[in-house]
Amino acid sequence: MLRLRPFSPNDIPAVAGVVRESLRENYSATIYLDIHKWWRDGFIVAENEGRIVGFVAGVNNAPYNTRILMLAVLELHRKRGIGSALMDAFLQQCALRGMRTVELEVRVSNETAIGFYKRYGFQIAGTLPRFYTDGEDGYKMMRHL
Ligand SMILES: CC(C)(COP(=O)(O)OP(=O)(O)OC[C@H]1O[C@@H](n2cnc3c(N)ncnc32)[C@H](O)[C@@H]1OP(=O)(O)O)[C@@H](O)C(=O)NCCC(=O)NCCS
């Protein structure tokens, strides 16, 4: 049974686990608290049988614009619609807040995620040279609501 709900600070260890496994990043707990403070409705977790298996976190970074900072689902739980459920819930929050555009960055090599975002109507809006700490370029992707 999949359940989507707002992030709460108690979820930090589980969310950090998803980030380590799926995004290969190790962030300090304060990052999650900061994102949560910026925009509570834009930080949503997906629970399967009571365990967090994915999440989306975004911020309202400019008037009428949101930026997805992280979207990830544990590898074992992918291709079952959890990423889509998270994206739908996120876009619904954006619409409720009267947002007009959503933007995100993605590694140019991440074909799975690029395909996923294109299915959601995101388009590549530009290349970000050496955007990632390991030197890889990123794509800026955008969609209108
Ligand atoms: C991108 C990501 C979040 C997608 O999560 P997901 O849970 O696999 O997403 P979904 O299951 O909703 O959709 C994935 C694909 O599976 C397909 N799918 C969904 N349910 C399915 C089912 N029951 N049977 C078969 N295929 C299915 C979807 O059509 C979709 O295909 P597409 O991407 O070719 O359009 C996930 O791949 C991920 O965590 N990647 C690593 C982290 C990452 O790269 N994040 C983005 C960085 S910016």
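Q: What are helices and strands here, and how are they numbered?
A: Both are DSSP runs. A helix is a run of H or I with at least four residues, and a strand is a run of E with at least two. Numbering starts from the N terminus.

Q: OK. What kind of model is this?
A: It is a predicted model.

Q: How many helices and strands are in the protein chain?
A: The protein chain has four helices and seven strands. In order from the N terminus, they go β-α-α-β-β-β-α-β-α-β-β.

Q: Why is the chain called as compact as a globular protein of its length?
A: Look at the radius of gyration of the protein chain, which is 14 Å. The globule rule gives 15 Å for 145 residues. The two values are close, so the chain is as compact as a globular protein of that length.

Q: And what box do the C-alpha atoms fill?
A: Roughly 40 × 35 × 30 Å, along the principal axes.

Q: Switching to the ligand. How many residues surround it, and which are closest?
A: The ligand is surrounded by 20 residues. The closest are Val 73, Arg 78, Gly 83, Ser 84 and Ala 113.

Q: Which elements give two or more residues to that shell?
A: Three are helices: H1 (12-23), H3 (82-96) and H4 (111-119). The strands are E4 (65-73) and E5 (101-107).

Q: Which of them gives the most?
A: H4, with five residues in the shell around the ligand.

Q: What classes of residue are in the shell?
A: Nine are nonpolar, seven are polar and four are charged.

Q: You listed Ser 84. Where is that residue, and why does it count as partly exposed?
A: Ser 84 is in helix H3. Ser 84 has 13 C-beta neighbours inside 10 Å. A residue is exposed with 12 or fewer and buried with 20 or more. The count for Ser 84 falls in between, so this residue is partly exposed.

Q: How far is Ser 84 from Tyr 120?
A: They are 36 residues apart along the chain, but their C-alpha atoms are separated by 8.8 Å.

Q: New topic. What are the domains?
A: The domain assignment gives domain 1 (2-99) and domain 2 (103-145). Their C-alpha centres lie 17 Å apart.

Q: How many residues does each domain give to the contact?
A: Domain 1 gives nine residues and domain 2 gives five. On the side of domain 1 that touches domain 2, E4 and H3 each supply at least two residues. H3 gives the most there, with five. By class, that side of domain 1 has six nonpolar, two polar and one charged residues.

Q: Now the inside. How many residues are in the largest nonpolar core?
A: That core has 32 residues. Those with the most contacts inside it are Ile 44, Phe 55, Val 56, Leu 71, Leu 86 and Phe 90. H3 provides the largest share, six residues.

Q: What does Phe 55 contact, beyond its neighbours within four places in sequence?
A: Phe 55 is in contact with Phe 7, Val 15, Val 18, Ile 44, Val 45, Ala 46, Ala 72 and Leu 86.

Q: Last one. What share of the chain counts as buried?
A: 26% of the 145 residues.

Notes. Residues are numbered from 1 along each chain as its sequence is written. This is a predicted model: local features need pLDDT of at least 70, side-chain atom pairs count only at pLDDT 80 or more; totals for chains, interfaces and linings use all residues. The radius of gyration is taken over C-alpha atoms; the globule rule is 2.2 Å times the number of residues to the power 0.38. A residue is near a molecule or strand if its C-beta atom, placed from the backbone, lies within 6 Å of it. Ala, Val, Leu, Ile, Met, Phe, Trp, Tyr, Cys and Pro count as nonpolar, Asp, Glu, Lys and Arg as charged, and the others, Gly among them, as polar. A nonpolar core is a set of buried Ala, Val, Leu, Ile, Met, Phe, Trp, Tyr and Cys residues joined through C-beta atoms within 7 Å. Two residues are in contact if their C-beta atoms, placed from the backbone, lie within 7 Å. Domain bounds come from an automatic or database domain assignment.
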